[in-house]
Amino acid sequence: MVYHVKASSSSKSNAHIGIKNSEISFGITPESADSLPNPAELFLGSFSSCILKNVERFSILMNFEYSSAEISVKATRLEKPPRMDNISYILNIYSKDQNLNIDLLKKNIEKFGTIYNTVKSICSIEGEIKKISE
């Protein structure tokens, strides 16, 4: 499988990523630091998206129902060389379903998530999944 995105920027302005029919704006200047996501935040957004996509995927394969899921991700940025380190997340899954096996879901996310496995190869990841009864 091959993926393709296209990005562009304007000097002393902002930048955009084009993905399929979507456009994502991001900041590249100090003036946009408080209003637009930066590349590090987009990276963590991709990590989050991977986990949420796999919740949906495994809800079908593991035969459980959920109404929604939300994830909170934190990461430490090292300075030399600049890179992400020590990513941690808390994933809340809102469900009444007794078939939801949290341990198996976590194992599957960690084994089959494309972005998850890419990131895991370069830094540590700690995660917790919580089932929230509705």
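Start by selecting V5, in the segment before β1 (6-9); strands here are DSSP runs of E with at least two residues, helices are runs of H or I with at least four, and both are numbered from the N terminus. With a relative accessible area of 47%, V5 is partly exposed (buried is under 20%, exposed over 50%, partly exposed in between, with a 1.4 Å probe and protein chains only). Before moving on: this is a predicted model, where local features need pLDDT of at least 70 and side-chain atom pairs need 80 or more, while totals for chains, interfaces and linings use all residues. Numbering runs from 1 along each chain as its sequence is written, and side-chain values use heavy atoms, leaving out hydrogens and water.

Next, hop to S32, in the loop between β3 (22-27) and α1 (39-61). Buried or exposed? S32 is buried, at 4% relative accessible area.

Last stop: E70, in strand β4 (residues 68-78). E70 is partly exposed, with 41% relative accessibility. Beyond neighbours within four places in sequence, E70 has contacts with L52, I90, L91, N92 and Y94. Zoom in on Y94, whose side chain makes a polar contact of 2.9 Å with that of E70 (N or O atoms within 3.5 Å, one able to donate a hydrogen and the other to accept it within protein; residues adjacent in sequence count only if both atoms are side-chain atoms).

Notes
Contact = heavy atoms within 4.5 Å.
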